[in-house]
Protein chains: 2
Amino acid sequence: MELQEIKSPADIKGLSVNQLEEIASQMRQAILNRTSQIGGHVGPNLGCVEAILALHYVFDAPTDKLVYDVSHQAFAHKMLTGRVDGYLYREDFDKVGEYTCPPESPEYDLFYAGHTSPALSLCVGLAKARDLKNDRYNVVALVGDGALSGGVAMEGLDAGGALNSNLICIFNDNQMAIAENHGGMYEHFRKLRETNGTSPDNLFKAFGWDYIYVAEGNNLSKLIEAYRQAKGADHPVVIHINTQKGEGYIPAEQYREAFHYRDPYDIATGELLKVSPGPDYTSVLKDFILKSVKKYPDFLVISSATPDNFDLNAREREALGKHYMDVAIAEQTGVSVMAGAARSGAKVVYAVVATFLQRAYDQLMEDWAMDPSPALMVVCETGIRAIKDQTHLGFWDIPMISSIPDIIYLAPANMEEYEAMLEWGLSQDKFKVAVRQPVYSLEHADYDVDKDYSDLNKFKIIRKGKDVAVIAAGDFLVKGRKVVDLLSANGINATLINPRFVSGVDTEMLENLSADHKLVVTLEDGSVEGGFGQRVASALGTGSMKVLNIGLEKKFVDRYNIPALEEEYGLKPEQITGKILSVL
Amino acid sequence: MELQEIKSPADIKGLSVNQLEEIASQMRQAILNRTSQIGGHVGPNLGCVEAILALHYVFDAPTDKLVYDVSHQAFAHKMLTGRVDGYLYREDFDKVGEYTCPPESPEYDLFYAGHTSPALSLCVGLAKARDLKNDRYNVVALVGDGALSGGVAMEGLDAGGALNSNLICIFNDNQMAIAENHGGMYEHFRKLRETNGTSPDNLFKAFGWDYIYVAEGNNLSKLIEAYRQAKGADHPVVIHINTQKGEGYIPAEQYREAFHYRDPYDIATGELLKVSPGPDYTSVLKDFILKSVKKYPDFLVISSATPDNFDLNAREREALGKHYMDVAIAEQTGVSVMAGAARSGAKVVYAVVATFLQRAYDQLMEDWAMDPSPALMVVCETGIRAIKDQTHLGFWDIPMISSIPDIIYLAPANMEEYEAMLEWGLSQDKFKVAVRQPVYSLEHADYDVDKDYSDLNKFKIIRKGKDVAVIAAGDFLVKGRKVVDLLSANGINATLINPRFVSGVDTEMLENLSADHKLVVTLEDGSVEGGFGQRVASALGTGSMKVLNIGLEKKFVDRYNIPALEEEYGLKPEQITGKILSVL
């Protein structure tokens, strides 16, 4: 049977194990075909081809409910549920996303689950609904690739363990998150692997689950046997499968971290097709880390399983020694460890991806902002040019962070300002400082960058004009410049302002502007609702100047085209200028 | 020795166990003395008097670092660290808060930790800082009263288990959260208690911790012995202590849920001094739950360990049977179970305290808003008259929820509107609806309350006037009425608007207002920054009307006096009216 003939799981039900193995092999080719051309999660998907094939072979989706977590490992599931073309043909790649996606397949993709760890709790909900409706089917979560260390996953183990009803968790243990795994549980899983699942103090049993171990997690026969054993269970069962991340593709087996997610590459060698274009904002952060560890004896840099935020490879991380800590996929703990270490006076930096920081909103409020714990947090992958999957948008960080008291959120506009803000933030023994790493474009300062930001909420005038003031935050300063130039071509000598702070407003400067300005325009590379510009609008509400807030909209957008979305949102300098002229 | 003579932990170091027991007895009296007069956490504090006495007897704070979680059980700690007057003398009650509090005692209270579960992660941070500084002291967390089921607590067990260094967790197992415990782990703890700690599949050992069990967790000698065994350990150790919630006070031992937190009561009988004043918003919710379970066969109501939100007692919860689910202190799981059950078409209500919902921000965004999971969430304890501890403020929910796409956040202004919104929200098969339970004052509608809110973001004019429009959201509608009356006395016939929706703006109505209005005033019982009013200000930024946003400020306030804070924030109707007149 050829992979492209598969239209639904029914098509594989009658196959022999040998035939399934042939399909698995074709799936691997398809994964490489797609990811080598447009990038994607290589290792996680190669590693669980068999786990998913067996899943659809033994269980009966869509009657049985299958949930993937993290769902970037579900390519094989998509191939089996009518979407194989998205892996075979370049012109169809766009039709499928990186994660499970209900609009793609309402029957087979129950949730997006683009963030790790919620599947067990979602499945408890599915199972509860099933039981309330007196239905009978299996609810199955495939959880792995580092997802178990997220707090909500353990909450789900806890809630699931108390469910006197069918619930199956396939724990895909590929011994990795994005990078190596961290935390006591992973040492425990190693022991389970080494003892064929018999090591004492079984974590899953402690939570009340039955436990089955499959040593050969890429062996279809063994998987099918274990799944059949669990199918129809009247209580919660974990099937712990030991898989190989990157299985079947030597570069991905060897360089598991590099092939977790890979930009387009040469299949023959695994080499990237494009080489990194030189120094960027990540390299500013990396240099800052390497400098700080020499400067501060009690320096600590924290990552929650995303060391690529610093561009630090395994060797460099090892060289940092005790000054580097990976808390696993556990942003709540990332923030609390930051706060805890800072409370004892250590110099702490925590770098985190904006979309994942959402998991730690409560810790930001209750464990950091409130406590006497000055530290530096770097927020990565923000704005319209960061991650384009709707599950990973960097649009919401300004509303989230700026609504919390006592966190100073800085948005640098260029490399020099970014560096200065990092230096200042880490040197603090009073303020809690978050810095929004720019993404939009690589810029250098053409003004004197301040070293000290302790005079809070002071905006900086880059160019003094009149009539119109454009306040362009962070990496949208470059857009502000273009708008001001276009206004100039229209005979308007506008003021350009770099606010630097997005968590507060320079009311004094706004007051002064009113003497000779009619309109204030705010630009931000984030959601307008609840964001920076609306604070300016509020501050100016009773004054004489009008206000125009420009930025991203409060809606989910998935795998968008950047120029098209900019146009839709009216973010092109010509559009912004046009709006300004129409308001004047 | 008399309790009031104790100024610091040094004062108990030389005492005998008998003397310590005498202190424990006095502490219990002091706990009852305070809580019976002003209310407070009775059971949790009675239960761990010995655990804390032994802690300060064996360890050497402030050199050794002690962290409490949840810190509402730390009264004994406060009594031992210079704050005993706050439990003995009525005039000094105000000097100490319900939770550990760094400004009260920077040396002994390291964190607020008013929300459950972060202590282990905070302690990992403290331990990391200690090791970086090459210091030597013990880092100890006392964790309990339901805190272990929160995801971040398990993340902390995971991170702690990998720490090759001193870290001690005293697990205060009082067999309860606010109500009974839920989840597989609590069954496991029961088995550990029944086997004197020897039951197989030890959860703590699975995470890599050493384990000590103390069957008599209210026995000072046994506690001291166990603590001494762990003191100075070079690796992570859990001491599991079996305590009695409410120990030493019969009403609290018998009615453990009622005495978790208790309003002022008669010590002799345990009876409340004031009886509940009749139907309120909670009773609207309760009636709605009891009606819905009859209406929908697949109805599910979810709580995350706060059944008091529904005013459902243990008998009533039991009567709900499979239609009621308590996910334990685990709001992430609360939201994900809601989304999961709703995905299968069940009719789901999740009621949650606003401040605790902060833990589930990511689930709101990624597991609910994004997925096809229509359900109803009820947000309790919001605004200035809800919980007055700075760790539990209900000020931030509008910025948090209203910045997430596709969640409709409704703010009813009275009992009839509240009921109508609950009914509508639960009947949805399309929209995800959150309803903000009013708190400010008990109101009845004097207008026709709409049954259908599917025409999104439509504000309602309560009284049509001109010049000034007061848009008063939710339970501040009552304030809006007073302001409009005061304006009337000043010759201004203002318009009064009930927006109902706080997650969006009725741009059409705002447009229409501009014909005969000069000023729009927004009132909201929540933080202005990132909130509802700023959205109105932004929408009106380029128009002719001025905007005045009134609400709470973005800052932490602790145990405030409501009228005083209202005055400070300019929220009294006279103050609001004055501001309006000064703007006009």
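Predicted model: local features only at pLDDT ≥ 70, side-chain atom pairs only at ≥ 80, totals over all residues.
I number residues from 1 along each chain as its sequence is written, and chains are lettered from A in the order in which they are written. Local features need pLDDT of at least 70 and side-chain atom pairs count only at pLDDT 80 or more, while totals for chains, interfaces and linings use all residues, and side-chain values use heavy atoms, with hydrogens and water left out.

**Interface.** I looked up the contact (heavy atoms within 4.5 Å) between the chains, and it takes 105 residues from chain B and 106 residues from chain A. I took the buried area as the accessible area (1.4 Å probe) that two parts lose on being put together, summed over both. For chain B and chain A this is about 8500 Å², and carbon and sulfur atoms give 59% of it. On the chain B side, Leu132(B), Glu155(B) and Phe556(B) lose the most area to chain A, together 8% of what that side buries.

I then looked for salt bridges (a side-chain nitrogen of Lys or Arg within 4 Å of a carboxyl oxygen of Asp or Glu). The rule finds four across the interface of chain B and chain A. Asp298(B) forms a salt bridge with Lys133(A), with the closest N and O atoms 2.8 Å apart. Helix 6 (residues 119-132) of chain B gives nine residues, the largest share of the side of chain B that touches chain A; helices here are DSSP runs of H or I, at least four residues, and strands are runs of E, at least two, numbered from the N terminus.

**Salt bridges over all chains.** The count by this rule comes to 74. Lys231(A) and Asp60(A) meet in one, at 3.1 Å, N to O. Lys231(A) lies in the loop between helix 10 and strand 5 of chain A and Asp60(A) in the loop between helix 3 and strand 1, so the pair ties together parts that are 171 residues apart in sequence. For accessibility I used under 20% relative accessible area as buried, over 50% as exposed, and partly exposed in between (1.4 Å probe, protein chains only). Lys231(A) is partly exposed at 33%, and Asp60(A) is partly exposed at 34%.

Arg83(A) forms a salt bridge with Asp109(A), the closest N and O atoms being 2.7 Å apart. Arg83(A) is buried at 8%, and Asp109(A) is buried at 0%. Both belong to a network of salt bridges that also links Lys78(A), Glu104(A), Asp558(A) and Arg559(A).

In chain B I found Lys291(B) in a salt bridge with Glu423(B), at 2.8 Å between the closest N and O atoms. Lys291(B) is in helix 12 and Glu423(B) in helix 18 of chain B, 132 residues apart.

**Asp506(A).** I found Asp506(A) in the loop between strand 14 and helix 20 of chain A. Asp506(A) counts as buried, at 4% relative accessibility. Leaving aside neighbours within four places in sequence, Asp506(A) is in contact with Asn457(A), Lys458(A) and Phe459(A). A polar atom of the Asp506(A) side chain lies 2.9 Å from the backbone nitrogen of Phe459(A).

**Helix 19 of chain B.** The buried residues of this helix include Leu477(B), Val478(B) and Lys479(B). Among the elements that cover the buried residues are strand 12, strand 13 and helix 22 of chain B. Gly491(B), which follows helix 19 of chain B, has a positive phi, near 80°.

How values were computed: Polar contact = N/O pair within 3.5 Å; in protein donor to acceptor, adjacent residues only side chain to side chain.
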